[in-house]
Amino acid sequence: MNFQKVYAVARREYIARVRNKWFVIITLLFPVLMAAPVFIGSLIQRADVDEVRIAIVDVGTGQASAIQAEFETIESFALTISGSETLSASEYESRRESMRQAVLDEEIDGYVLIEPDEELGIRGRYLARETGNLVILGTLENRVRRVALENYLAGSGLETDRVNALVSWDLETTTISAEGDEDGGFERAYFTTFILAMVLYITVLMAGQQMGNSIIEEKSSRLIELVLGAVTAAEFMAGKILGVLSTALTQLAAWFGLVMLISLYIMPALAIGSDMGDLNIMEFFDAGLLFYFTILFLLGYVFYSVLYAVAASTCSTMEDFQQMAFPLMMPVMLSFFFVFYVITNPAATISRIVSLFPPATPLVMLARINVLRPPLWEIWLGIGLLVLATIAAVWVSAKVFRFTLLMSGKRPSIGTMVRMFRAA
Amino acid sequence: MNNNAVVRTQKLVKEFDGVRAVKELDLVIPAGSIFGLLGPNGSGKTTTIRTCLGVYIPDSGSIELLGNSDPLAVRDRVGYLPEERGLYPKMQVQEQLAFLASIRGMSHREANGRAAYWLDRLGLADRAKSATEEFSKGMQQKVQFAASVIHEPEVVVLDEPFTGLDPVNTRLLKELILELRDNGCTVILSTHRMEQVEAMCEEIALIHQGELVLRGGVQEVRAQSGSNTLAIEYEGAPGSLDNLPGVTQVHDSGRSARLQLEADADTQQIARALFDRVHLHAFSTEQPSIEEIFLAHVGHGDVTISETGELVEEVAS
C-alpha cells in the first residue's frame, strides 16, 4: 500500500466534506439544537415580564381578601394588585364589559374571576390579554388552590402546608456504582444518554449517506476509472475511510469546543441555567463517558461508512443507492429506539446481548455505559467485536470494490457478488 | 526511440458474464510512437486498454506493460484518459489536477506546481480557483487531458481524446499530442475517427469483436490493400452512381465520390459507364483510406458510417 496515495485520497475526501455547506451547517447548528431545550426551558421558567397588573373580582365567595393576601406573597415575578372587589352575579354582569375594556386599554393586564363551586368551593378564571405564560398561570393557580384547600381543611385540624407538601412528594434517587454513589442518577443518565445517542445516530447516518453520495458521484461521473487507474481499490478505500474519519474528528472537536463555549461563557452570561439547580453541562459528561463515547463514535462511524461504501459501489444511480441504504439504516434506527429500553433496563439480559452485537454496539453499549456501567470486560468485548466486524467489513469491501466500482447499469445480484468475492 | 514494446499481450482473454470481450489477443505496441488502436464501438478496445492498465484482471493470457507483468506495479509511469470522462464537479480545477497528479505518486507540492503549469498551458490560469462544474465541456476535456499527462508518464493511453472538441481545441490537442511524442512519450490513441488516425498515427492495430484483424504501419497497410479505389469529381443527377459495374460501395459526397471496386473490376468499363451517366471532371485510382480498409475488414453490413464520419458497429441485441 502506497501511503502517499492513501493520504492524497484522504485529503481530497476531507477537504470536499469539510467545505460542504451542510457539514458547516450541521456542525454549527447541532449543539445549538441540543442546547435549545435547556435554553427554552430556562426562558419559560424565567417569566420574562416587567410587571403584571391584575385585579381580583370575587362573585359571591367572600374569598377576595384571602386570595389577595396570598397573591401579595408572590415573588417569582412582579405582581401589582390594582384592586379586589366582591360583586354579586348581576353586578358582575353589568361591570363585565368595562372590565374587558380596562384590560384592552391596558389599565390592567387581566383579572382573576373567583366564583363559587358546589364541589370544590372555589372556581377561578384568569381573563387577560396574555394567557400563555406558564409561570404566571402556575403561580396564580397554586395560590388560589391554597386558599381553596385552606377553606376545605379549616376546622379539620390538618395543616395546609403539610398537605401541600405531601401532594408534591418526590422519590429521591441515588445511583450506586463501583466508582462511587451519586444522587439524582436517572434524570442525568436519561438526559446525557439521549444527547449522546442522538449525536451518534445523526452523524453515523449522515456519514454513511455522504460516503454513498461521494462514491455514487465518482461512479456516475466515471471518475472512478481514472482514480482506480492510479490507486488500488484498497488504497482508495483506506483513503476514503481516513478522510471520513478525520471529518468526524473535526466535527467532534468543533462540537466539544462549542459546548464548552456555550456552557462556560454564553449560558452564564445570559444567566440561563441558574434556575436549574446550578446546572453545569460539563458535570453531566464525566471523562470516562467521553472516552468511551469517542471510541464508539469513531468505530461506529467507520463501520457504517464502510458498509455504505460497499452498498454504494454496487449502484450506478442515487435511486438505486436509496434502496440499498434502507436496510443499512435499520440497525442504526432500531438500536436508537432500543436505547430507550436500555435506559430503564441497563442490566437486562437482552440489553447485554444486543450491546455485544456489533451493528448495535455503538449506541447500545454507550447507553449501558452511561446508565449503569457494565463490567470492564463486557465493554471491551463489545469494542473488540466491533473492531473485528469493522476489519471484516474493510476486508470484504476491498475485495469486492475493484469489481463493483467499475460496474454500471444493473445492480448485481447477491449471487454475482459472492462469485466476485470468490474470484478476488 | 527504442525498439522496446510498451505493451505486449499474449493470448489475452477477458470475459464478462460468459461473453468474450477480448479473444486471445496478441498485441505488441512499440515504444516512442503514436499508435492507433482502432475499432468500432463495442469491439473490445476499451476492455483491452483497461486490462492492459490493470483496471481489469485478465481471465487468461499474459500482459506486459513497460516490461512488467503486473501493470499495477508501473501505474505511476502510465497516463490514461478514459473514454467516459469525469471530474469532481465541485472541486476547484487546480486542486483537481493536483489531486490527480498526487495519486500518480507526485508529492503534494510538486503536484501543485504541475497543475499550475498545465492550467497556464491550457489558457485557464485565471480560473484556477473555479469549481470544475462551471467550465464548458470543451474546457473540462482539456483539463482531463492535462490530468492524464500531468505526471509526465512514459506511456499515455488516450481513449477518444477528440470527442466534443471544437476545431481550435482539436488543433491544440493535436499539437500537445505531437509534443508528447517528441518528448519520448508513447501515445496510444484509441479511436473510431479514422481521419485522425491517418493524420497522426505511425502504426495501427484494428480490433474487431475482440480480435486483432490488422496490424502494421499506416503506409504499409494502405499499400498492402492495393489500388482498388476510384476517386472522381463529377456533376450529375442524384442516383446516377447507382449500380455501376464492378463497384461494391459508393461514398458519395455530392460533387466528389470514392468508389470501392471488386478485386477484378475493369476500370475502363467503369469509366465508360461514368461518361454516359455524369459530367466527369476528375478520375483517378487511389490507395484506399484507413476507413475503407477498416470497412473492408470488419464491414459485413453491421458497420456503417454515421453522419459525423464515425464508424458504428451495430450490436446485436
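Two strands are said to pair if DSSP finds at least two bridges between them. Helices (H or I, at least four residues) and strands (E, at least two) are DSSP runs, numbered from the N terminus. The model is predicted, so local features need pLDDT of at least 70 and side-chain atom pairs count only at pLDDT 80 or more, while totals for chains, interfaces and linings use all residues. Residues are numbered from 1 along each chain as its sequence is written, chains are lettered from A and ligands numbered from 1 in the order in which they are written, and side-chain values use heavy atoms, with hydrogens and water left out.

**Figure 1. Strand β7 of chain B and its two parallel neighbours.** Strand β3 (residues 34-38) of chain B pairs with β7(B) in the parallel sense over 5 bridges. Within this pairing, Leu38(B) has Thr191(B) of β7(B) as its bridge partner. β6(B), helix α5 (residues 167-182) of chain B and β7(B) form a right-handed β-α-β unit. A crossover is right-handed if, with the strands pointing away from the viewer, the path from the first strand over the helix to the second runs clockwise.

**Figure 2. The two faces of strand β7 of chain B.** In a regular strand the side chains alternate between the two faces of the sheet. Thr186(B), Ile188(B) and Ser190(B) point one way from β7(B), whereas Val187(B), Leu189(B) and Thr191(B) point the other way, and all are buried. Buried means under 20% relative accessible area, exposed over 50%, and partly exposed in between (1.4 Å probe, protein chains only). Because 6 of the 6 residues of strand β7 (residues 186-191) of chain B are buried, the strand is largely enclosed by the rest of the structure.

**Figure 3. The nonpolar cores.** A nonpolar core is a set of buried Ala, Val, Leu, Ile, Met, Phe, Trp, Tyr and Cys residues joined through side-chain atoms within 4.5 Å. The largest core has 128 residues, and those with the most contacts inside it are Phe236(A), Phe401(A), Leu97(B), Ile103(B), Trp118(B), Phe145(B) and Ile177(B). Helix α11 (residues 287-313) of chain A supplies the largest share of this core, 17 residues. Setting aside residues up to four places away in sequence, Phe401(A) touches Ile215(A), Ala233(A), Phe236(A), Met237(A), Ala309(A), Val310(A) and Ser313(A). A contact requires heavy atoms within 4.5 Å. A second, separate core of 25 residues includes Val22(B), Phe35(B), Val155(B) and Ile188(B).

**Figure 4. Thr139 in a helix of chain A.** Thr139(A) lies in helix α5 (residues 134-153) of chain A. With a relative accessibility of 12%, Thr139(A) counts as buried. Apart from its neighbours within four places in sequence, Thr139(A) is in contact with Ile74(A), Ser76(A) and Phe77(A).

**Figure 5. Two loop residues of chain B with positive phi.** Most residues other than glycine have a negative phi. Glu152(B), which is not a glycine, has a positive phi near 50°. Glu152(B) occupies the loop between α4 (137-149) and β6 of chain B and is exposed, with a relative accessible area of 53%. Asn243(B) also is not a glycine and has a positive phi of about 55°. The loop between β10 (229-235) and β11 (247-252) of chain B holds Asn243(B), which counts as exposed at 73% relative accessibility.

**Figure 6. Confidence along the two chains.** The pLDDT is the predictor's confidence in each residue, from 0 to 100. Chain B averages a pLDDT of 82, with 92% of its residues scoring at least 70. Among the elements of chain B, strand β6 (residues 155-159) has the highest mean pLDDT (92) and strand β14 (residues 303-305) the lowest (48). Residues 303-311 of chain B have a pLDDT below 50, and this stretch has 26 contacts in the model beyond near neighbours in sequence. Chain A has a mean pLDDT of 81, and 84% of its residues reach 70 or more. In chain A, helix α13 (residues 349-355) has the highest mean confidence, 91, and helix α10 (residues 281-284) the lowest, 57. Where pLDDT is low, the predicted coordinates should not be read in detail. For the complex, the predictor gives an ipTM of 0.70 and a pTM of 0.68.
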